[in-house]
Structure formats: structure tokens, C-alpha cells
Amino acid sequence: MELKEFSPRIRRGVNPTLGELLKSVGDAQSPDHDHHILELGFPCSSVPPSSYPFVLSFTNLTYSVKVRLKVNLIPSCFGANSNTAEVKLGSSNANTKVLLNGISGEAREGELMAVLGASGSGKSTLIDALADRISKDSLKGSITLNGEALDSRLLKVISAYVMQDDLLFPMLTVEETLMFSAEFRLPRSLSKSKKKARVQALIDQLGLRNAATTVIGDEGHRGVSGGERRRVSIGIDIIHDPIVLFLDEPTSGLDSTSAFMVVKVLQRIAQSGSIVVMSIHQPSYRILSLLDRLIFLSHGQTVYGGSPANLPVFFREFGHPIPETENRTEFALDLIRELEETPGGTKSLVEFNKSWQLNKNQQRQEGRSKQLDQLHHQAKAFPQGCNKCKHFKRQTSLRCTK
Ligand SMILES: Nc1ncnc2c1ncn2[C@@H]1O[C@H](COP(=O)(O)OP(=O)(O)OP(=O)(O)O)[C@@H](O)[C@H]1O
């Protein structure tokens, strides 16, 4: 059985509906069928780019929790003059705390999206919301994959979530650990040799070839380095080759070189056909160069959404140009923190970002309209299409692509 439509590497050039994907997912779960990674043909870096990449869109995500005021000191009912007081527990008074407030964005196949912000700004909450790890009842807004609502069952199969804390067996080697994961997570029907092939490909993709036979280790036994350990954790979670990968602070606790290597691996995973969304505290200049999209949060609101390249023009237009010599994300995070401490908070930046996004969307629409006009013009000028093959380039160029 073939699962060509299901694998992100396989369905290049095809634009599957979620229904088709779901069917493939159903097929993949059947014990009679091999897993989609059978069709991957490692290594997958040589695969040509897709015409219809997967796009994970989220619109107006809002998430609130009820905060119960548990402790109330009330005068004792044993006498107004008494200076004793009793503690009333579990008061029914409830306040609502908004953890995410109208967050929108888009993460694309082949790209690395990072969620940034100070501690408590809502990074983990956003990742959890996207990964379907928080109650649907209290989460408002929509999450779609290629324009269609994302079903929890489908997301479970096509995604992976890498947590901050890695729970690994200290006495197993890197290779054994990944093989254990392959045995555990890949279908029983998949042959041992195919599982081994997947593990070997993964070891290369994770840059762990030199550490393949090293034990994981722990405080008592020397083993792989912190960065290698983190990459093993990622490997365990992506053994089934997910389309969407979520990571909560994958670089936390690592030195800058190890952190860079982890993000480099994530970039490689994205470029081999996945959507990668991660939270990160303070990326170094080198890490920033690997990121494709950023969302800066402040108290659960977006204060910047866009590419790292657009940060300078965004902050210049906001009236706070980033000095040439400064790390762009450090500057942005410092400015956000300063604004948070002012009476008005980050309201001005939130509003500015909204109008900036609107402007950008408008420009994009205008660009698309122009392209369409060109296409109409082209169709009029050459009603027969290209003399050789009778085709026009799908987009706008007058040159034939065939
Ligand atoms: N169940 C909850 N009830 C009340 N407040 C909550 C709850 N869960 C999270 N919070 C609060 O929501 C805010 C956002 O938390 P979140 O963990 O998403 O922040 P973060 O940006 O990931 O922080 P860090 O970088 O420290 O991990 C924090 O102020 C946190 O205390």
C-alpha cells in the first residue's frame, strides 16, 4: 500500500484536501499498511520544492482562564471586636485572565517560525494552543491547515510536540534510543530494516553521526553533551516524520553553539518538508539568521509579526530605529519591556503592529492583482499560449515554463 498523498515529501505538486489527508491518515493507522515514511526515500533533502506547501494559519486566537480568588480574609463571626479573622477558602469570586488576545499568523512548510517574548508573555500558551494541548472550550479563534479547519485527530497524527525536559534512558546509546523510539512509534508492520534505515537517516539529519554510539548518560555517567541530548529528544519525537513540529524552548539551558546547532537541525527539518513552530527566549544573532518568521508577544498580544528582515523598518516606522550594531531581537525585547513598564503599556506597539499588518496585506493583495492583470494581458496577447507547448507559466511571467 502506498501513502504517497500523506507524506509531506510525497505529495509535492499535489494540493490534497484535508479529507484526502485524513483518508491517508486512516490508511496509515491500519495495521495492514506500511507507514508513510516507507516512501520517503532518504535522504529527502534533494526533493524539489512543492507547488502547494502546507500552511498552518491561526486567526484571532484568544484564550482565557478563570482565576479563582481563593483566599478572603473576613471579620470573624465570633464578634466584631475580636481581632481574629477567618480564612474563607474557595470563594466563588472568579476573575478572567486573558493569556492570548487575538493572535493571528501563518506558519509555512519549509519555514522556521519562532515565538518570542519576555517570561510570562504567552509563548508556551500559544504553542500549546496551536498544538491542541489546551481546552478547546476556552480557546476562541480558528486554526486551519491549507484553509481547512484542523481536526484534533488529524493533528495528532501529523504533528509532534517536543517538550523542554527530555526523559531519556541514560544507559542507551543515541542509536539505541532512536531505535527504541522507532520500534515504539512506527507501525509493527514496518520491517526492521526500514526502521533501521529511518534511524540512520535521522542520525544524519540531527547531526549526531559522531555521537551515534555514545550513551546518553546522566549525572553519574558521562554521556552525550547537552546539545546532543536535546537533538536526540527531537529525533524521538520526529521519528514518524511529522508535517508539523512544535517545540517549547528547544534551546533553553544550552550554550550558544549548542543552541545554534539545535536550531540549525530544526531548519534542516523544516526545509525537508515540515512546518516548525518553536518558542525561544533570546535568540543570538546567528540563530536569528536561521529563522523565517517571528511573532513577538507581550502579555498575550502580538507586538510584531513578520520576518526578521523586516524588524528594522518596522521599528524605524514605529519611531524607535534599531541601531546598526545592536542585536535586533535584543533591541525589540528591551523596548517591549520598557513599554510594558510605562502606564500605557505596549498598547501603542500592538496598535502599530495591527496597522502594519493591514498595510502589508493590502500591498500583497495589490501585488496579486497586478500579477493577474499581467496574466490577462498575456492571455490576450498570446491567445494560443506558448507556440511550443501551448502553456503559460502558472503565475504571471510571460515566459513559458515548460
Ligand atoms: N492555568 C493558568 N491560570 C492562570 N494563569 C496562567 C495559567 N497558565 C499560564 N498562566 C499565566 O499565563 C502567562 C503566560 O504563560 P506562558 O507559560 O505561556 O508564558 P511564557 O512566555 O511561555 O513564559 P516562560 O518564558 O517563562 O516559559 C503567565 O503569566 C502565566 O503565569
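Apart from neighbours up to four places away in sequence, Ala114 is in contact with Met278, Ile280, Pro283, Leu291 and Leu294, a contact being two C-beta atoms, placed from the backbone, within 7 Å. The structure is a predicted model, in which local features need pLDDT of at least 70, side-chain atom pairs count only at pLDDT 80 or more, and totals for chains, interfaces and linings use all residues. Residues are numbered from 1 along each chain as its sequence is written.

Ala114 also belongs to the largest nonpolar core, which has 76 residues; it is listed there with Leu266, Val276, Val277 and Phe296 as having the most contacts inside the core. Helix α7 (residues 256-271) gives the most to this core, with eight residues. Such a core is a set of buried Ala, Val, Leu, Ile, Met, Phe, Trp, Tyr and Cys residues joined through C-beta atoms within 7 Å. A residue is buried if 20 or more other C-beta atoms lie within 10 Å of its own, exposed if 12 or fewer, and partly exposed in between. In soluble globular proteins, nonpolar side chains tend to be buried together.

## The chain as a whole

The protein chain contains 11 helices and 12 strands, taken as DSSP runs (H or I, at least four residues; E, at least two) and numbered from the N terminus. Of its 402 residues, 33% are buried. Among contacts between residues at least 6 apart in sequence, 71% join residues at least 24 apart.

## The six-stranded sheet

An open sheet of six strands runs in the order β8-β9-β10-β5-β11-β12, with mixed pairing. The edges are formed by β8 (159-162) and β12, each with a single partner strand, so one side of each has no neighbour in the sheet. From one strand to the next, the twist averages 15°. Strand β5 (residues 112-117) pairs with strand β10 (residues 275-279) in the parallel sense over four bridges, pairing requiring at least two DSSP bridges between the strands. Val115 stands opposite Ser279 in β10. Helix α10 packs on the sheet and touches β5, β11 and β12; its direction makes about 20° with that of β11. For such angles, axes are lines fitted to C-alpha atoms, for helices over the stretch in contact, and values run from 0 to 180 degrees between N-to-C directions.

Strand β11 (residues 293-298) pairs with β12 in the antiparallel sense over five bridges. Leu294 has Gly306 of β12 as its bridge partner. Two residues separate β11 and β12 in this hairpin, and His299 in the turn has a positive phi of about 45°. His299 counts as partly exposed because 19 C-beta neighbours lie inside 10 Å. Strand β12 (residues 301-306) has five of its six residues buried, so the rest of the structure largely encloses it.

## The surroundings of the ligand

The residues around the ligand are Val65, Val67, Lys97, Leu99, Gly117, Ser119, Gly120, Ser121, Gly122, Lys123, Ser124 and Thr125; each has its C-beta atom, placed from the backbone, within 6 Å of the molecule. This shell divides into three nonpolar, seven polar and two charged residues. Here Ala, Val, Leu, Ile, Met, Phe, Trp, Tyr, Cys and Pro count as nonpolar, Asp, Glu, Lys and Arg as charged, and the others, Gly among them, as polar.

At least two shell residues come from each of β1 (55-68), β4 (94-108) and α2 (123-130). Helix α2 supplies the largest share, three residues. This helix is mostly covered, with seven of its eight residues buried; Lys123 and Thr125 are among them. After α2 comes Asp132, whose phi is positive, near 60°.

## Two loop residues and a helix residue

Ile239 lies in the loop between α6 and β9 and is buried, with 23 other C-beta atoms within 10 Å. Beyond four places in sequence, its contacts are Leu178, Ser181, Ala182, Arg185, Leu186, Arg198 and Leu202. Asp241 is found in the loop between α6 (226-237) and β9 (244-247). Asp241 counts as buried, with 25 C-beta neighbours inside 10 Å, and its phi is positive, near 60°.

Phe331 is placed in helix α10 (residues 328-340). It is partly exposed, with 17 other C-beta atoms within 10 Å. Not counting residues up to four places away in sequence, Phe331 touches Ile322 and Glu326. Phe331 and Phe315 are 16 residues apart along the chain, and their C-alpha atoms are separated by 9.7 Å.
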